[in-house]
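Here's a quick briefing to read alongside the sequence and the 3D view. Have both open as you go.

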Amino acid sequence: MTNQNNTKVVTGVVRLSYANVWEPKSINGGAEKYSVSLIIPKSDKKTISQIETAIDNAIKEGASKFGGKIPNKAALKLPLRDGDIERDDEAYQDSYFVNANSTTAPQIVDSKVQPILDRNEVYSGVYARVSITFYAFNSNGNKGIACGLGNIQKVRDGEPLGGRSNAADDFTTLDDEDFLD
């Protein structure tokens, strides 16, 4: 699965966090977008290497956004971030992460590439493979490489993230008499 510009990556198995993949949401008053944070285990050297190569390719291809010159990588805002350093969250330990977004809804499929229609099937905490594309940006004095969200293939369920509890765990069944007290 390659494209001409080599800025597209299909990840290995990653964990979805902050998964706004069914409905677009506005972040800080910006345009509504579909978005997700991809938690990538540091042990997944193949995906990390592909992402680093795609970022380098996006920098080269985006030279026009940077005044026709390829800037020093250290001067750019880069999408691959270290969860051990930047997140005080157990889910991000021993992992890198990339925040991906799109104005277009991702196609969401199961392991047999059949569409998933039940919104409860894909949530923050689920494990998936995700197609992402990297591209250069230069706006409001910020220069860097952004990550576009492509499509999502659910691989398996995971412990839900975000601290939301299940109603069945919060409550017990009530007998009719309990309402009369």
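Predicted model: local features only at pLDDT ≥ 70, side-chain atom pairs only at ≥ 80, totals over all residues.

Residues are numbered from 1 along each chain as its sequence is written, and side-chain values use heavy atoms, with hydrogens and water left out.

**Helix α1**
- Helices (H or I, at least four residues) and strands (E, at least two) are DSSP runs numbered from the N terminus.
- Helix α1 takes in residues 45-61 and spans 24 Å from its first C-alpha to its last, close to the 24 Å expected (1.5 Å times one less than its number of residues).
- Its buried residues (under 20% relative accessible area; exposed is over 50%, partly exposed in between, 1.4 Å probe, protein chains only) include Ile48, Ile51, Ile55 and Ile59.
- The buried residues of α1 pack (heavy atoms within 4.5 Å) against β1, β3, β5, β7 and β8.

**Salt bridges**
- The count comes to 7 salt bridges, each a side-chain nitrogen of Lys or Arg within 4 Å of a carboxyl oxygen of Asp or Glu.
- Glutamate 23 pairs with arginine 119 at 2.8 Å, N to O; these two sit 96 residues apart, in strand β2 and in the loop between β6 and β7.
- Lysine 42 meets aspartate 84 at 2.7 Å, linking the loop between β3 and α1 to helix α2.
- Lysine 42 is buried at 17%, while aspartate 84 is partly exposed at 40%.
- Arginine 81 and glutamate 86 form a salt bridge at 2.9 Å.
- Shared partners join Lys42, Asp82 and Asp84 into one network.
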